[in-house]
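Student: Could we go through this structure together, one topic at a time?
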Amino acid sequence: MNLNINYCSYCGADQLAEEIPAGDNMPRIVCSQCGSIHYQNPKIVAGCLVTWQDQVLLCRRAIEPRYGLWTMPAGFMENNESIEEAACRETFEEAQARVTLDGLYGFYSIPRISHVYVLFRGHLDKQEFGPGSESLEVKLFSEAEIPWDDLAFNAVRVTLRHYFNDRKRGEFPLHLQTL
């Protein structure tokens, strides 16, 4: 477990320890002063595989990790928003693109980094897009133009492969996978 909490967010004490609380079966971070349990749960990444005609929209990252590599618009879900709202917000923030969601497409568990990726298929409402503050550039790619060796994340690579195979078959099932 990653003990990356220095102080209890309930009482401010610096007396945190890893232990299995009564009635639990997993090690947790527990405050020895007030007894509060600090759960560390996976982060949810919401995003969108955006299409325009026979092309997909990718963003070249202007931030770490994986600066300069290509990705689909995606990012961490915020409190008080739905997963659909998060996917649309991230698409606008990173690609300045407004999309209509066409359905849930990829649900990927990535246990080694404690992330869950939830990716939708969506299409541009208009051919209007551009780099947001987290993107160096945003571009439409045909299947033959995808920069496979310069993709930022395995989830992006897997999703694009699924998409191009599914497009040939004319059906887009939900892909559930552990990466």
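Student: Why does the end-to-end distance of helix H2 agree with its 16 residues?
Tutor: Helix H2 covers residues 154-169, and at 1.5 Å a residue it should span 22 Å; its end C-alpha atoms are 23 Å apart, so the two agree. The expected span is 1.5 Å times one less than the number of residues. Helices are DSSP runs of H or I with at least four residues, strands are E runs with at least two, and both are numbered from the N terminus. This is a predicted model, in which local features need pLDDT of at least 70, side-chain atom pairs count only at pLDDT 80 or more, and totals for chains, interfaces and linings use all residues. Residues are numbered from 1 along each chain as its sequence is written, and side-chain values use heavy atoms, with hydrogens and water left out.

Student: Which residues of H2 are buried?
Tutor: Among them are Ala155, Val156, Leu160, Tyr163 and Phe164. Buried means under 20% relative accessible area, with a 1.4 Å probe and protein chains only.

Student: And what covers them?
Tutor: The cover includes strand E4 (43-52), strand E8 (99-110) and strand E11 (175-178).

Student: What follows H2?
Tutor: Gly170 follows H2, and its phi is positive, near 75°.

Student: Switching to H1, which residues are buried there?
Tutor: They include Ala86, Ala87, Arg89 and Glu90.

Student: What comes after H1?
Tutor: Gln96 does, with a positive phi near 50°.

Conventions:
Buried < 20%, exposed > 50% of the residue type's maximum accessible area, 1.4 Å probe, protein only. Contact = heavy atoms within 4.5 Å.
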